[in-house]
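Me: Please take a close look at a single part of this model. I would like one connected account of a residue and the helices around it.

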Amino acid sequence: MTALTTPTSSAATQRTIENYSQPAWRRMLFTREMAIVALLVVVCVVSMAAVKGFSQPITITYLLMDVAAVLIIALPMTLIMITGEIDLSVGSMVGLSSVTTGALYQAGLPFEVAALAAIIVGVIGGAFNGFLVTKVGLPSLAVTIGTLALFRGIAVGVLGTAAVTSFPEFWTDIAKAKIVGTPLPAIMIPFLILLAIFIIVLHYTPFGRGVYAIGLSKEAAHFSGVPVGRTKFILFVLSGALAALAGIYFTLRYGSARGDNATGLELQVIAAVVLGGVSVFGGRGKLFGVVAAVLLIGVLASALRLANVTSDVINIITGVLLIASVVGASLLPRIRRKRPRVEKPLVGTTSGTVPKA
């Protein structure tokens, strides 16, 4: 009898050995997401020890208020990028939502109605992106670059250089309020609710498994019964809706509705999602890594500002951190492939080959 090694069986055996040759705790701890969590802990400890005023409760409050909009938008962005797509229009949608809220409230509508209209605008904008990507078949990068300019142009065109700065005190107080007895801002309550929903959907439902399947192979996902177009469309709608929600918070937080609000916010969101372990090619990523990355960037920025470091230097440090994470994620698999590995034989054989009858 001769031994015959088939490409399919060899590849399957190799993949099994790479994934399961180590204990479960090692596979869970030695990941890019856990590395970001560990780095976040280290940066927090160093900042509390070295930066004057960082450990004060008021610092935590303003830090979380500053990153709240990014945290909210990063939830649907994570799922979109896991499918291999991207939404660059979220920052402009925040500005358009802010302007919609301010303009309608200034026109005499109740604030609640104006805010609801802003969310509807977000849903429409997300649906427009989703339609062009899933029905027309255009690449999401090109589509959302276009709607980035479109939404921002509409926002600036509605109010021009003016700003709406008068909003109900009740809602502005809520946007700046803290959870009783803690330094945590009240905006963390809706965020944690949304985070729990997205974690359940992504990691514990068929919809979430479909999201990963689309990112790994759109064709394979389609033939497996995953509604590829519908899934992507839903994600773009969610992205638009939550960007609009973040725009309402942004407006109340700073007490101003302007067409240029949140300019460049989309880059902060995408940087955090990539830093948090989501592959730019799709098919990989976890929400807790993204949340840790958003907090890491926020902690770094807050600590450096307290240390009187300029915003340009902060941007450079954030950019270097992002590039390092992407390069590291690219090099690690190559290092692992070059490392010598002892292959385990299949049950009933003396080698990793399939015997020929």
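This is a predicted model: local features need pLDDT of at least 70, side-chain atom pairs count only at pLDDT 80 or more; totals for chains, interfaces and linings use all residues.

Reply: Glu 85 itself sits in the loop between helix H4 (57-82) and H5. Its relative accessibility is 14%, so Glu 85 counts as buried, the cut-off being under 20%. Two of the contacts of its side chain are polar: one is with the side chain of Ser 140, at 2.6 Å, and another, also of 2.6 Å, joins Glu 85 to the side chain of Lys 232.

The axes of helix H5 (residues 90-106) and helix H12 (residues 228-254) come within 7 Å and cross at roughly 55°. The crossing of H5 past H12 is right-handed.

On the H5 side, the contact is made by Val 90, Met 93, Val 94, Ser 97, Ser 98 and Thr 101. H12 contributes Ser 239, Gly 240, Ala 243, Ala 244, Ala 246, Gly 247, Ile 248, Phe 250 and Thr 251. Sorted by class, the contact between H5 and H12 has eight nonpolar residues, seven polar ones and no charged ones.

Note on methods
Residues are numbered from 1 along each chain as its sequence is written. Side-chain values use heavy atoms; hydrogens and water are left out. Axes are lines fitted to C-alpha atoms, for helices over the stretch in contact, and angles run from 0 to 180 degrees between N-to-C directions. Helices (H or I, at least four residues) and strands (E, at least two) are DSSP runs, numbered from the N terminus. A crossing is left-handed if the near helix is turned anticlockwise from the far one by less than a right angle, and right-handed if clockwise. Contact means heavy atoms within 4.5 Å. Ala, Val, Leu, Ile, Met, Phe, Trp, Tyr, Cys and Pro count as nonpolar, Asp, Glu, Lys and Arg as charged, and the others, Gly among them, as polar. Buried means under 20% relative accessible area, exposed over 50%, partly exposed in between (1.4 Å probe, protein chains only). A polar contact is a pair of N or O atoms within 3.5 Å; within protein, one must be able to donate a hydrogen and the other to accept it, and residues adjacent in sequence count only if both atoms are side-chain atoms.
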